[in-house]
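Subject: Structure for your review

Dear colleague,

Please find below the structure I am handing over to you, followed by an account of what was found in it.

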Amino acid sequence: MSVRTTRAVLVAATAVALSSALVAPALAAVPAGSGHEATRKAAEAAVGAGVPGVTVTARDGHGTWSATAGTGNLATGAPRSADDRYRVGSITKTFVATVLLQLEAEGRLSLDDSVDKWLPGLVRGNGHDGRKVTLRQLLNHTSGIFNYTADEGFGRTYFLKDGFFEHRYDTKKPAELVALAMTHEPDFAPGTSWNYSNTNYVLAGMVIEKATGRPYGAEVRDRIIKPLHLTGTSVPGTRVSVPGPSSRAYSKLAETATGPTYDVTRINPSIAYSAGEMISDSTDLGRFYTALLRGKLLPRKQLAEMTTTVAVDERNGYGLGLMKSELSCGVTVWGHGGGIHGSVSEAVTTKDGRHSLAFNLNGDWSGDTGAVIEAEFCGTDKAPERTVPRGPDLT
C-alpha cells in the first residue's frame with residue numbers, strides 16, 4: 001500500500017481496541033432530555049472504535065453543551081477536557097479564505113487575479129502555470145495544482161514512524177512545499193475538475209503575505225482572532241507545543257491502523273503552514289463559524305462568493321474554504337474538517353448560525369466523524385460518506 005493511499009485509509013479503518021481500562025468512556029454528565037444524547041453516544045462509539053478520547057461542544061437555542069469521552073493521556077489516564085486546545089489541521093483553510101475575501105472587499109486584490117500576478121514564476125514546471133490559475137481556483141480546489149502532501153517521499157518523511165521521529169522538528173518554508181508540488185504534473189487543467197490540494201492554501205497564505213506585507217498569521221490574528229475574542233486560537237508558526245489546557249495526540253505512524261500507538265503531540269507545524277497549522281478549541285471554532293455564516297466577518301457579496309460551491313459528490317460541495325454537507329435528515333451544515341498528526345477535528349454550523357458543533361478526536365486512525373455530526377443535527381448515527389479525506393494529511 002502506498003503512503004498516499006495509507007493517509008486516506010487511516011481514519012476510515014477500524015483500529016484494534018485499546019485495553020478495556022482505556023476504552024471505558026469518561027463522559028461528562030448530560031441532563032436527560034437535553035437533546036444531545038445521540039451526540040454523546042456517537043462520541044462514546046468513537047472511543048469504543050479505538051480513538052483515545054473525544055471532546056465535543058455544541059451550541060443551539062437552548063445554550064451551550066459540552067461532553068468528553070475517553071482519555072486525553074494514555075500514560076496517565078487523565079480525561080479529555082471540554083476546554084482542550086488542539087491542532088485543527090485544514091480548518092485553518094477557512095480562516096485563510098476569510099482573510100483573502102476581506103482583502104478582496106477592501107479592493108486590495110481580486111479573486112480573479114492570477115496566482116502569477118502575486119507570486120510571479122512560482123507555479124511553474126511539469127505543466128503547472130500560475131498565469132492560468134486564479135486565486136478563486138486556489139480557494140475552491142479547482143486549480144489542478146498537485147497536492148504536495150501526496151508526494152511519496154514527503155509521506156515517508158513526515159507521516160511514517162522512522163521519518164517522523166527523525167524529522168518532526170524540521171522547519172519547512174512555504175516556497176519549499178510549493179517547489180515539491182511542482183516536481184509533479186497537475187491533476188487537471190485549471191477549472192476543469194475538483195481535487196483537494198494543500199498546495200492551494202500554501203499559495204493562498206503566500207498571496208496574503210505579498211498583498212499585505214505581513215505574515216499571514218498576523219492578518220488572521222488581527223482580522224479574526226482578536227475581534228472575535230478567540231482566546232484558545234493561535235497560529236503557531238514553528239512552535240512545536242500545544243498550549244494548555246490540552247490533551248496528548250496519538251498516531252499509528254504506519255501503513256495500517258494496527259500496531260503500536262505513538263505520542264505525536266510535539267511537531268513543527270511549518271510542514272502545514274497556511275494549509276493546516278492552526279490551533280483552537282471547540283468553543284472558539286463554534287464562535288468563528290457562527291460569526292462567519294452570520295456575516296460578521298465578510299460583506300454580503302464576499303459571503304455569497306464563499307458559499308458558492310463546486311459539487312464534490314451528491315451530498316457535499318466545496319466553496320471558498322468552506323464545505324457544504326447535506327445530512328441524512330435534510331439539514332445542511334457548513335464548515336470544514338481538519339486532520340494533522342494525532343488530531344482529527346470537525347466544525348460545522350447551520351447557515352443561519354443558530355446551531356453549531358465542533359469536536360476533536362486525539363487519534364488519527366479511527367473514529368467516524370460523520371456519525372457525530374449526524375447525531376447532533378439529526379439525532380441518528382447514520383452518516384453519509386464524506387468525500388473530503390480526513391486523517392494525518394493536513395486535511
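**Helix H10 and what follows**

The 15 residues of H10 should span 21 Å at 1.5 Å a residue, and the end C-alpha atoms of this helix lie 22 Å apart, which agrees. Please note that the model is a predicted one. H10 is mostly covered, with 13 of its 15 residues buried. Just after H10, Gly213 takes a positive phi of about 75 degrees.

**The chain as a whole**

The secondary structure of the chain comes to 14 helices and 14 strands. Of the 395 residues in the chain, 59% are buried.

**Helix H11 and Glu219**

Helix H11 covers residues 216-225. Eight of its 10 residues are buried, so H11 is largely enclosed by the rest of the structure. The buried residues are Tyr216, Gly217, Ala218, Glu219, Val220, Arg223, Ile224 and Ile225. They pack against three helices: H4 (92-105), H10 (198-212) and H12 (282-293).

Is Glu219 buried or exposed? With a relative accessible area of 5%, Glu219 counts as buried, because that value falls under the 20% cut-off. Which residues does Glu219 contact, leaving aside its neighbours within four places in sequence? They are Val99, Ile208, Thr212, Arg214 and Ile224.

**The eight-stranded sheet**

An open sheet of eight strands runs in the order S2-S1-S14-S13-S12-S11-S10-S9, with antiparallel pairing. Its edge strands are S2 (63-70) and S9 (310-311), each of which pairs on one side only.

Strand S12 (residues 332-340) is mostly covered, as eight of its nine residues are buried. With S11 (residues 323-326), S12 pairs in the antiparallel sense over four bridges. With S13 (residues 343-350), S12 is joined by eight bridges, and these two strands also run antiparallel. Trp334 of S12 takes part in both pairings: its bridge partner on one side is Lys324, and on the other it stands opposite Thr349 in S13.

Both pairings of S12 are hairpins, and a glycine with a positive phi is found in each. The hairpin of S11 and S12 has five residues between the strands, and Gly330 there has a phi near 95 degrees. The hairpin of S12 and S13 has two residues between the strands, and Gly342 in the turn has a phi of about 70 degrees.

Further along the sheet, S13 and S14 pair in the antiparallel sense over six bridges. Ala347 has Ala358 in S14 as its bridge partner.

**Cavities**

How many cavities of 30 Å³ or more are there? The count comes to four. The largest cavity holds about 100 Å³ of space. It is lined by 14 residues, of which Tyr86, Arg87, Ser247, Ala249 and Ser343 are the closest to its centre. The elements that give two or more residues to this lining are strand S3 (85-87) and strand S14 (356-361). S3 gives the most, with three residues. By class, the lining of the largest cavity has four nonpolar, six polar and four charged residues.

**Backbone features in the loops**

- The peptide bond from Gly244 to Pro245 is cis, with omega near 0 degrees. Pro245 lies in the loop between H11 and strand S6 (250-251).
- Asn126 is not a glycine, yet has a positive phi of about 55 degrees. Asn126 is found in the loop between strand S4 (124-125) and strand S5 (128-129). This residue is partly exposed, with a relative accessible area of 45%.
- Tyr273, also a residue other than glycine, has a positive phi near 50 degrees. Tyr273 sits in the loop between strand S7 (262-263) and strand S8 (279-281). At 9% relative accessibility, Tyr273 counts as buried.

With kind regards

Key
Residues numbered from 1 in each chain as written. Predicted model: local features only at pLDDT ≥ 70, side-chain atom pairs only at ≥ 80, totals over all residues. Heavy atoms only, no water. Buried < 20%, exposed > 50% of the residue type's maximum accessible area, 1.4 Å probe, protein only. Pairing = 2+ DSSP bridges. Contact = heavy atoms within 4.5 Å. 1 Å grid on protein atoms, 1.4 Å probe; cavity = no way out; pocket = protein on both sides within 12 Å on 5 of 7 lines; lining within 4 Å. Points joined across faces, edges and corners; volume = space filled by probe spheres on them. Nonpolar A, V, L, I, M, F, W, Y, C, P; charged D, E, K, R; others polar. Expected span 1.5 Å × (residues − 1).
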